[in-house]
Amino acid sequence: MALDKDIHSAFADVVGEENICDDPTMMASYFKTDFACVVMPKDTAQVQTIVRLCNKYELQFRPICTGWTGVFIPGTVMIDLRRMDKIIEIDEKNMCAVCEPYVTSAQLQAELFKRGLNTNIKGSGAQGSALLRGHGPMDQSCGADDRNHLAVEWVTPEGELVQIGSIGSSDEWFCGDGPGPSLRCLVQSTVPPSCTPGVFTKIATKLYHWPGPERYHLKGNSPNYSLIEMPDNMMLRYYSFDSVEKMIEAEIKLGESEVCYIVYGINAAMVSANVTSSNEEQMALFQQISGQVKGNGFVVIIAGNSQADFAYKKKVLEAIMAETGGESLKAVERPEIGEILMRQCTRPTGAIRETMRPGGTFKSIPNMGQRDLTVRWAIGAGEAKLPLIEKGLIVDDGGGFFGWGVEHGHLGKTEIFCAFSPMDSEANKAVGEWATEQGARAVEEKYFALTMSPLETIDERTGPAVSNYHLWWYKVLDALDPNGVIPLKGVSKLTP
Amino acid sequence: MALEDYAGDMNMCCRCSACKFIPLQMVSGFTHANVCPSISRYNFHFFSGGGRLNLGAVGLEKGFNYTPWYLSSIYNCQLCGACDVSCKYGMDMEVLLPLQALRIQAVKDGQAHPELQKVVERMTATGSMVPPEGAKRGDWAKSLGLKDAGKQKVDVLYHVGCLTSYDKGMQKLAQATAQLLGAAGVDFGILGDAETCCGARAYEMGHEKEFLAQAKKSMELIKQSGAKTLVTSCATCYQAYAVLYDRFGLKGDLEVLHTSQLLADLIEQGKLQPKNDLGLSVTYHDPCHLGRLGEPWIHWEGTKIPGDRFIFDPPKTYRRGTGGVYEPPRDVLRSLPGVTLTEMDRIKEYAWCSGSCGGVTDSNPEFAQWTATERIEEALCTGAEALVSTEPWSEKLLADTIAANGGALKVYDLVELVAQATEEGGR
Amino acid sequence: MIAKEKLAEIVGGTNVGDDAATLAAYSKDESFVNELRPACVVKPHSADEVKQLVTLASETLTPLVPVSSGPPHFRGDTIPSTGGAVVVDLSGMNKIVFVDRPRRVAMVEPGVTFGEIIPAAEKEGIRLNMPLLPRSTKSVLGSLMDREPVMMPKYQWDISDPIACLEVVFGTGEDFRTGQAAGPGSIEEQWAVGGVQKAPYGPHVATWHRLVQGAKGTMGISTWVSMRCELLPKLEEPFVIGSAQLPPLMEMASWLIRLRMVNECFILSGSDLAAIFSEDRSADYQRLQAALPAWVLFYVVAGYDYFPEERVDSSLSDITELAKRLAVQPARAVAGLSAREILKAVQGPCPDPYWKLRGKGAFEDVLFLAPNDKIEGLVEIMSGLAGQAGYPVSEMGVYVQPMVQGCGSHCEFTLTYDPESASQAAQVKDLAAAATKALMNSGAFFSRPYGDNTRLIMNRDAASLTILRKLKKIFDPSGIMNPGKLCL
């Protein structure tokens, strides 16, 4: 819907006419959603002013970066943060980098590599914001989820500027907690509409040592790049196991031994998607390697800080694989495949190939939590995929799920998805039902409750089963958002 | 194919934003990670490949509404194909073809850009993309004594192109090319005044009908010349004859070579011997039309196999920018004594467009110059004294932009340097 | 004000104390915070009792002050800030609920001390990432909730580590479990399917334990905490590096941590190290302090289940190279004090009397967080202020604890004084106040405010304080949870 003239004018006064669009025709480009308008601020001050205008005119808003996924509500103001794309600082002494929201993970990582540093890039891909909360292949040694955030600059739903952590009292970004309790309790971004209220305009993110090259030197042309030379202090293998239990045992031992840079538990279908450049190639490779793997498995990358360190880590890896029956997939030992995976794991760019390329869309149930517990749930969820595969409704991945240990196996991530065609209404329905059933089973059987879904899917059954968190969250939202500018689809607020 | 035929592709867009950036594996720093001039300049998502696909998908469903923003979105795009390459790193779907189809649809619906309309009308009337202003197309060849392919059969036809023919500053390219071919003993001819526009820029402007009419005229002349091989030093013309004409079934058996390819062969065969030390540090700009858009056309017809996957019968091989002409110009540069080549960050299939494609130089000169300025800045980062390319449209825009901003970076076409380096050219 | 009988109905008559001696014991501590007498002291023994207490307090608007550790207390946060308060002494809730080796996690109630959890965890082959020499009565939960720095920065991925999950009774009387513990199901139901309350995030988008940690009981009372544990090494090789200058040790520590080569890793001033290894400020202390260099970096290289010797050897060879590059000299001992002696000492709680009390009988800490490259400057500022105040700088203790895998450091200045000397006490109190201001203005981040400096610190970040007050109104609408602390 086009904005009222005065409201349009008010926004345009802030950002300039060239940075606001309320042409209804153009809103479809964003998420095929009828937004009220798209407005693009250039800095924190403009974000604040826009948010205050939203409060004044009772308009709901939603911020976006590169925006791969999310839930988007018609009639909201889309705050597109594309113009806020600066790396503010890279602080090697304190192992943190400060970025604006539209810095991509790839850009940050590329700068960090030059300095022997790294950032954990989320599995959704290196085109995503460097500030995302989430999980990715490097979780094993590079932390995950909200635990990589330090200080945060936050514009509240009322348009106030709150600088969370050390930046609130000084010019330093190294700490995100205090004084007193940490407001990082609120600072989470996930699938909207239940994302943290307000807009994050800068975040400091933890950095890690990078033992690899200062840049990947590649040859070839897209989509078939290859490393000119595999780093001589890094090694990649894919191991598969007789059983999920053995795989988890190996994962835990590897975690406890702290020898792996990456443990990335993708299944054979995902491996074959990752390293191929077309659906047909992927199908052929999947056929080939699914006959070669023993069962579930994972990618391992070892990286040594010295020759002695490298040798030690390899020795431990071999020992653990021998103990747990992990078998190395020969196809991945071939340099032309191994090095693709090396790059795709350290600069994730394979998610699209795994999830979207096969059918056009996918639906996923992710969980970040206790690995050995959630994997048991995932086995059942995978079995429940088989009838859909049989009917040709979803892409055949053998009923696979994936996941990995996080922070040397202390935590874990388990996820399962169905890839299918968005044009197939029967598939859409079947997958929706599968997701609902498996999500409900997770709750009923006490594995976990979905933490990433929009608030609207929380019903009377789930909330009370999870400490009534939703009621507390509504209260928090009410307190932070008195004018109701944060969209909450289909959910009634507690206070009138 | 009509726009409707791309419905599946347009609905495949998963909004990942990869289309805005160079293939992410190639990102080597904070700067020069963007690949799409359109969104880099205008920032709204509807200036990206993915944004336009979404518009197309919804437009097919609900009808097209040609608002000023919509028209701005589809015309402020060089159709350079970078989004297509980046998307196809991960996806099996078309991006550039639906974008072209969207523009063609707009023209069909009476929404031609007025400036582009004028250019296309001029092309139809004069056979030139560039205003002749009283000159003759073959004037550059006066006194060179070249074979007239309009009057005698030739095996090799040198197609000059509109800009090189008419622009006084660019005519030296044609002269240098002719001299080099002659020196190498290539028996070739030109159509001179009879040469006519390849029509490719009209296609990019959305005027498919006029392009086809022009293409047929051009091919007729080429057939009449008897040429088996067409050589051109214009990347746009190269892409026209090698790819577009093939796509529309007009090319036949004609072999199409860009001068960079021919020069590379001639140097390798010893028929041209660069001897003069040029003492020049250069960087090379991959023109879109020679690079990613110059990838041979793949004829394919098929249907989607019903079911879970986006696959076809027969299997569809996608053009992903892999097979463009990237190495021959580099081989030539490496063969020139005293020339050191330093690559920019965005090269080959993920090169940043110079800004001259897609009709933007005519529809929005400011945007074209902005795009060129970005490229010039990137070239300057290499420390090179000169920017070399193989596309006169790019070279002109880049040179004009440098001049307008008071810069010192030199701009050369490849053939100029080869000419300087060979005995025949001298310095 | 709650009638004593009502309290007795909840916790039992013997667990309600309102006699003068009991009240006096909770009215003050070793800090400079004003003495303030509570109305009474209750000692619950279960989470359910805590819930009932909070509900009742909320109905009667009775302030509650939770205390987990036994005395002596040093920070002032266990003293009521308002009259009519009831101190909730949680030391009677001292169950070690479980220790789980496979998932490397343990769960304890508030009254469990380090002395109790260490052997229980050791039995299972795991251990806690500990603070430096906590006093014998220090509550593990209390330490974690206070975000006390831990000695193994390698294993501190997030500043809230090693906290995994919490159970908390908010000021409304409702209980809530954070992280994985939130559900689905009760804790027992989760255990039945193999859940162990390990994952800290959630439920849903928030990370709720961060709201309670560092809050000094102003949001609610925690009734248990689960904590991630680390493996007990099979082999440990401790080292020390002495230096007259701090920067080379900071640099060395940064690289040791960045390359994940060491477990325990911290820097102590010679004065602090001497204080730890002396009975009092006698000749022993003087001799040791004189012999020790100004600064000592302590670190431990460890090997685990797989080829521990080889792991240690490869690490040591890399460390040798590193040390050469940074021109420092790792050693097994410094001034006759062996690294292994230090290791032995720091892997347990401090034997009584608490080491900081041994010198003169009292102390005041000035503690904060800072970027690594600012620490030297802040030490200089502090030394300058101490000198100006007439405080003997050589006796000032400095503890630098790198944190969160290298993202800054905790820095702690310890100013000892004779509590019988009013002038010394005043000197230290004034110095601490002046130092807080000066250090804050030079980039020190006082993330854990205590005592009289709290107002200054909290108000410096007024925007965050505003949000915290909004949250306080949600989780403690009646304002009964340790009111007055943290300006909340």
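How many residues of helix H5 (residues 82–90) of chain B are buried? Nine of its nine residues are, and the helix is mostly covered. A residue counts as buried if 20 or more other C-beta atoms lie within 10 Å of its own, as exposed if 12 or fewer do, and as partly exposed in between, with C-beta atoms placed from the backbone. Helices (H or I, at least four residues) and strands (E, at least two) are DSSP runs, numbered from the N terminus.

This is a predicted model, in which local features need pLDDT of at least 70, side-chain atom pairs count only at pLDDT 80 or more, and totals for chains, interfaces and linings use all residues. Residues are numbered from 1 along each chain as its sequence is written, while chains are lettered from A and ligands numbered from 1 in the order in which they are written.

Stay with H5(B). Its buried residues include Ala82(B), Val85(B), Lys88(B) and Tyr89(B). Within chain B, the buried residues of this helix pack against helix H3 (49–62) and helix H6 (96–108). They also pack against H12 of chain A.

Two residues are in contact if their C-beta atoms, placed from the backbone, lie within 7 Å.

Now take chain A as a whole. Its secondary structure comes to 17 helices and 20 strands. The radius of gyration is 23 Å, close to the 23 Å that the globule rule gives for 496 residues, so chain A is as compact as a globular protein of that length. This radius is taken over C-alpha atoms, and the rule is 2.2 Å times the number of residues to the power 0.38. The C-alpha trace of chain A spans about 70 × 55 × 45 Å along its principal axes. Of the 496 residues, 66% count as buried.

Thr229(B) sits in strand S4 (residues 229–232). It is partly exposed, with 16 other C-beta atoms within 10 Å. Beyond its neighbours within four places in sequence, Thr229(B) is in contact with Asp155(B), Val156(B), Glu255(B) and Leu257(B). Asp253(B) lies 24 residues away along the chain, yet the two C-alpha atoms are separated by 8.9 Å.

The C-alpha trace of chain C spans about 65 × 60 × 40 Å along its principal axes. Chain C is divided into domain 1 (4–92), domain 2 (112–231), domain 3 (235–346) and domain 4 (360–448), with bounds from an automatic or database domain assignment. The C-alpha centres of domain 2 and domain 4 of chain C lie 29 Å apart. Twelve residues of domain 2 are in contact with nine residues of domain 4. The domain 2 side has six nonpolar, two polar and four charged residues.

Key
Nonpolar A, V, L, I, M, F, W, Y, C, P; charged D, E, K, R; others polar.
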